[in-house]
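Hello,

Here is the structure we talked about handing over. Please look through it first; my notes on what turned up follow below.

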Amino acid sequence: MPPAADPRRRYAVVGLGARAETFTGALAGPYAGTAELVGFCDVNQTRMSVHNRWLAERYGYPAIPQYKAEDFRRMLDEQRVDVVVVTSMDRTHDDYIVAALEAGCDVVTEKPMTMDPARCRRILAAADQATGSVRVAFNYRYNPVHAKVREVLASGAIGEIGSVHFEWLLDIRHGADYFRRWHRDKANAGGLMVHKATHHFDLVNWWVDSEPVSVYADGRLFFYGDVNGKRRGLARDYERADGSPEAADDPFAIKLAASDKLRALYLEAEHEDGYYRDQNVFGPGITIEDDMAVLVRYSSGASLSYHLTAYSPWEGYRIAFNGSEGRLELLVRENTFATRPEEQHHATAVQHGDAAPGETEALLTLHPHWQPPQTILRGELGQGHGGGDERLLESLFGEAAEDPLGRDADHHDGARSLLIGLAANQSFETGQVVDVSSLLGGSVHDE
């Protein structure tokens, strides 16, 4: 009698940098009973081998076949892949998403879905013709605090939404990290309006349940970069921190060799592709902004005023919704101040930081008309994007469950959030209001 077929879905991961670990660890660990990792694909052999070693050490997982980037389609065929997880550099997302869809696979992609209008159109066209699906990993939708905001707004507690005011602060540890790595070049990721703010634009789109119509924006490089560093006496004369005496006393320098994880993934892998993970944030060649203001008009008539600051002393965000029957306010504090990279205790903390107990806080307050304010929620944040990572992974890889809040994001959601950032970038350059639909030649939902 032939052996029973393995009921597990077969997963491949393309792009084996630090972010991939969230997905590989979930697939090899808690979801190993329903998922099987069958392929790794990357431009860098060393990084794939590092992930294989980690999975063997942590889970006793068998070695996963490794493929170079040019062999992606061959991997899909040879390994009979059901689902592709895309965690590669943003400018490569469309190639992998489209190829996976054409091969009949489902796709889970990190945000942003892609980074420019042409690539977005390509993905939308492929997704609308494919049998497989595209899911965008917007983990902030799964943060319980953000889910509560959605519930309160959907309940009509503040009536019709007239305006949203949203300020996001990246501290000088987290914010600086985008200026050390490949994100510093807008050609790789579309700048922070695309790579980072797509998270935030998606939240607002989801909360107000409406489609962005027009965008006006202004942005500049105010803090980082060689000119600003020299002007304020912050500059140091080095290209990358490793091996540079000039970086020794630079509080903005990251020491890759001091972290086992960063050393293995980047320092010991750079001989293959020449990628430096520890570039000087006050060096030349930075083409992205660090201080950005955006005004968005929605089809519902609501407006969004948004500001992203990438050089704040503390990390967190403030959001306020003004409605016809009141106001809803959210304050999230992720730390009270930024500690230096060398004071962090684990690899991801180099970017996101270690918050001491009592430092994190979420406060959600409802202010109805003619009534005293009501505290809806107050408490410390969960781990992993406020608890969003764990819930996202369960939605992606666990048993199918009802989704009354509509947290599952598809390619249309990915496009809608992306287009605000792309319109903002265009407005930076032209100084004009940008019609969002003009970027795609029609509505995001046009077939």
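Setting aside neighbours within four places in sequence, alanine 197 has contacts with Leu192 and Tyr306. Please keep in mind that this is a predicted model. Alanine 197 belongs to helix α10, which spans residues 197-208. Its relative accessibility is 0%, so alanine 197 counts as buried, the cut-off for that being under 20%. From alanine 197 to threonine 22 the separation is 175 residues in sequence and 20 Å in space, C-alpha to C-alpha.

Ring pairs join Tyr306 with Tyr140, Phe166, Trp168, Phe201, Trp207, Tyr317 and Phe321 in a cluster.

Over the whole structure, the search gives 21 aromatic pairs. One of them is phenylalanine 166 with tryptophan 168: the ring centres are 5.8 Å apart and the planes meet at 50°, so this pair is tilted.

Another pair is phenylalanine 223 with tyrosine 224. Here the ring centres are 5.0 Å apart and the planes stand at 90°, so the pair is edge-to-face. Phenylalanine 223 is buried at a relative accessible area of 12%, and tyrosine 224 is buried at 0%.

At tyrosine 276, the charged end of arginine 240 sits over the ring, 4.1 Å from the ring centre. At tryptophan 54, lysine 261 lies over the face of the ring, and the distance to the ring centre is 5.7 Å.

The last item is on the surface. Which residues form a nonpolar patch there? They are Tyr216, Leu295 and Val433, and together they have about 290 Å² of accessible area. Leucine 295 is located in strand β9, residues 291-298. With a relative accessibility of 45%, leucine 295 counts as partly exposed, because that class runs between the buried limit of 20% and the exposed limit of 50%.

Regards

Notes: Residues numbered from 1 in each chain as written. Predicted model: local features only at pLDDT ≥ 70, side-chain atom pairs only at ≥ 80, totals over all residues. Heavy atoms only, no water. Phe/Tyr/Trp six-rings, centres within 6.5 Å; stacked < 30°, edge-to-face > 60°. Buried < 20%, exposed > 50% of the residue type's maximum accessible area, 1.4 Å probe, protein only. Lys NZ or Arg CZ within 6 Å of the ring centre and 35° of its normal. Helix = DSSP H or I, 4+ residues; strand = E, 2+ residues; numbered from the N terminus. Contact = heavy atoms within 4.5 Å. Patch = residues over 30% accessible without salt bridge, like charges linked within 9 Å, V, L, I, M, F, W, Y side chains within 5 Å. Areas by Shrake-Rupley, 256 points an atom, 1.4 Å probe, with all protein chains shown as cover. Salt bridge = Lys/Arg side-chain N within 4 Å of Asp/Glu carboxyl O.
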